[in-house]
Amino acid sequence: GIIFAYLAVDEITSWQKGHEESTLTMGKSASIRDALRIAVPMTLNNLAGGVAGGAAGVDPQTAGTLALLASYCMMKFGHAIGGYLMPSMGRCIDTRIISGAIFASLSVAQFAQLI
């Protein structure tokens, strides 16, 4: 929840300060550090899944392989949706507002599970 809140604030702040693009944008000059900046928060739930799977006695290779496959498929699906929607939405609203709202929603959803 904290990491998603950070990403939400980062996106909205970038928009408010008038930066030309998101700090998460990874153009041709993207580095591994840039990729990890967004990849690590998105996969931290795998740690919790590993703990739960270990406690339940699930084979780590099976769980890991299925988690990798599911993660890739969801990322590919989300990328396709973003690629379809963003060209038209990007003309009406800054995409940082949309991504900031999505990150904020994920953060709230994770914090709500703690209550």
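This is a predicted model: local features need pLDDT of at least 70, side-chain atom pairs count only at pLDDT 80 or more; totals for chains, interfaces and linings use all residues.

Residues are numbered from 1 along each chain as its sequence is written, and side-chain values use heavy atoms, with hydrogens and water left out.

**Whole chain.** Show the chain as a cartoon. The chain has five helices and zero strands; helices (H or I, at least four residues) and strands (E, at least two) are DSSP runs, numbered from the N terminus. Of the 115 residues, 14% are buried, where buried means under 20% relative accessible area, exposed over 50% and partly exposed in between (1.4 Å probe, protein chains only).

**Helix H1.** Select residues 2–16, which form H1. This helix has 15 residues and spans 21 Å from its first C-alpha to its last, close to the 21 Å expected at 1.5 Å a residue; the expected span is 1.5 Å times one less than the number of residues. Now colour Phe4, Leu7, Ala8, Asp10, Glu11 and Ser14, which are buried in H1. They lie on the same side of H1 because they cover an arc of only 160 degrees around the axis, the arc being that of the directions from the helix axis to the C-beta atoms. Turn to the face of H1 away from the buried side to find the exposed residues Ile2, Val9 and Gln16. Just after H1, Gly18 has a positive phi of about 80 degrees.

**H1 against H5.** At what angle do H1 and H5 pack? The angle is about 160 degrees, and the axes are 8 Å apart; axes are lines fitted to C-alpha atoms, for helices over the stretch in contact, and angles run from 0 to 180 degrees between N-to-C directions. The two helices are therefore roughly antiparallel, a term for angles over 145 degrees, with under 35 roughly parallel, 65 to 115 roughly perpendicular and the rest oblique.

**Ser107.** Is Ser107 buried or exposed? Ser107 counts as buried because its relative accessibility is 5%. Leaving aside neighbours within four places in sequence, Ser107 is in contact (heavy atoms within 4.5 Å) with Gly1, Phe4 and Ala5.
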